[in-house]
Number of protein chains: 2
Amino acid sequence: MCPDSAKNYPVPSVRRLPLYLRLLRQLNAQDRKSVSCTHIAEHLGLGTVQVRKDLAMTGIVGRPKIGYPVPGLIGAIESFLGWKDATAALLVGVGSLGSAILGYQDFRSHGLDIVAAFDMDPARVGQIVHGKQVLPLSQLAQRAAETHARIGIVTVPAAAAQDVTNQLIGAGVRAIWNFSPATLEVPAQIIIENVRFVDSLAVLSQRLHQLEPSDSP
Amino acid sequence: MCPDSAKNYPVPSVRRLPLYLRLLRQLNAQDRKSVSCTHIAEHLGLGTVQVRKDLAMTGIVGRPKIGYPVPGLIGAIESFLGWKDATAALLVGVGSLGSAILGYQDFRSHGLDIVAAFDMDPARVGQIVHGKQVLPLSQLAQRAAETHARIGIVTVPAAAAQDVTNQLIGAGVRAIWNFSPATLEVPAQIIIENVRFVDSLAVLSQRLHQLEPSDSP
């Protein structure tokens, strides 16, 4: 049952886990007790081998003719991702993207609790954005210590991103979730995950270009 | 030189192409004429086999002792992704996330031109956001026809996302770039690419949980 803690799991497989979780939570809300690999695969447009392999990461293996236990699999995915309890996060940069992230309702059910938001702009400090008062960066270290925040969310422009990242790491966060287009340098023990819109755009563009090579309508 | 147009390229490889492009554009700005696979791999923290395989998708193969021609490889990646010319896109939903997307400077150099922005909220219609006047949804079909927009960007809340997607497809877009958490249904010939923040969060959370299984500081 216990996944190997030293293993490097394939990123595409880990990225698919929220997709399974969403479906499983829907099934659970409908009081479904078990679900087959085939059902999951068909519903999500994936291959059964892929689904079995992805879910095996969590330590749960489906049983022939019965499938996966729905509540058990939800628990296993949540445990695997560390989503059983929400992890405290600090967000820096309450511009339009930072405001969007602050207002995103789904994060709480995905293990993330943004406990404080900061900005460098004096005009933004003190404002209430999605129920959070925007704090000055000078309070970062103190709030990090008080909240035991382990994740720093970077939603500042590229030019400010490295400095903000350094301050977040200095304040004790262990992971940086970078929404800026900047390529950030972090010490080896710090986890960094970049949300790069252009990576997703590349996938869309390549498919579109393959389908319709000409730009003419 | 010509990539196989019927092929399904691996999504993780396509997602990495903007990373290569960023580095290559930097090297080109420094007037570097060629670059080795090893240099690219080391600079980006990837394996050389992976880099060679990813770049081979574009039809360019590095030469022993010389490497890749920098301008040639930039051109090959841009051609492969359809980024030689910008593709027109319409954005629907000018809330905080939509505003952030509208203001994102990097898209133009990644083949995307957001030509018009729309919102359902009468209070937002008519406002200027990052130089674009917000239009009512009633003008969607007309503007789509005038601009030959092929991409629809969905930045509305989940509850409105399917309806907006249907309208965009009805207006003639061929691809949907979905930033809402909704799972959208589209006809088979329509390309859909979802930007799901929680997928990225899963990767970050899993690594953090693996590093520090306990939530205690």
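A salt bridge is taken here as a side-chain nitrogen of Lys or Arg within 4 Å of a carboxyl oxygen of Asp or Glu. In this predicted model, local features need pLDDT of at least 70 and side-chain atom pairs count only at pLDDT 80 or more, while totals for chains, interfaces and linings use all residues. Residues are numbered from 1 along each chain as its sequence is written, chains are lettered from A in the order in which they are written, and side-chain values use heavy atoms, with hydrogens and water left out.

Between chain A and chain B, 6 salt bridges are counted. One salt bridge joins the side chains of Arg174(B) and Glu212(A), at 2.4 Å from N to O. The side of chain A that touches chain B draws 15 residues, its largest share, from helix 8 of chain A, where helices are DSSP runs (H or I, at least four residues) numbered from the N terminus. The residues on this side of chain A comprise 35 nonpolar, 17 polar and 13 charged; Ala, Val, Leu, Ile, Met, Phe, Trp, Tyr, Cys and Pro count as nonpolar, Asp, Glu, Lys and Arg as charged, and the others, Gly among them, as polar.

Contact (heavy atoms within 4.5 Å) links 65 residues of chain A with 65 residues of chain B. About 6000 Å² is buried between the two chains, 63% of it from carbon and sulfur atoms; buried area is the accessible area (1.4 Å probe) that two parts lose on being put together, summed over both. In chain A, the greatest losses of area to chain B fall on Arg15(A), Arg150(A) and Phe197(A), together 12% of what that side buries.

Terms used: Helix = DSSP H or I, 4+ residues; strand = E, 2+ residues; numbered from the N terminus.
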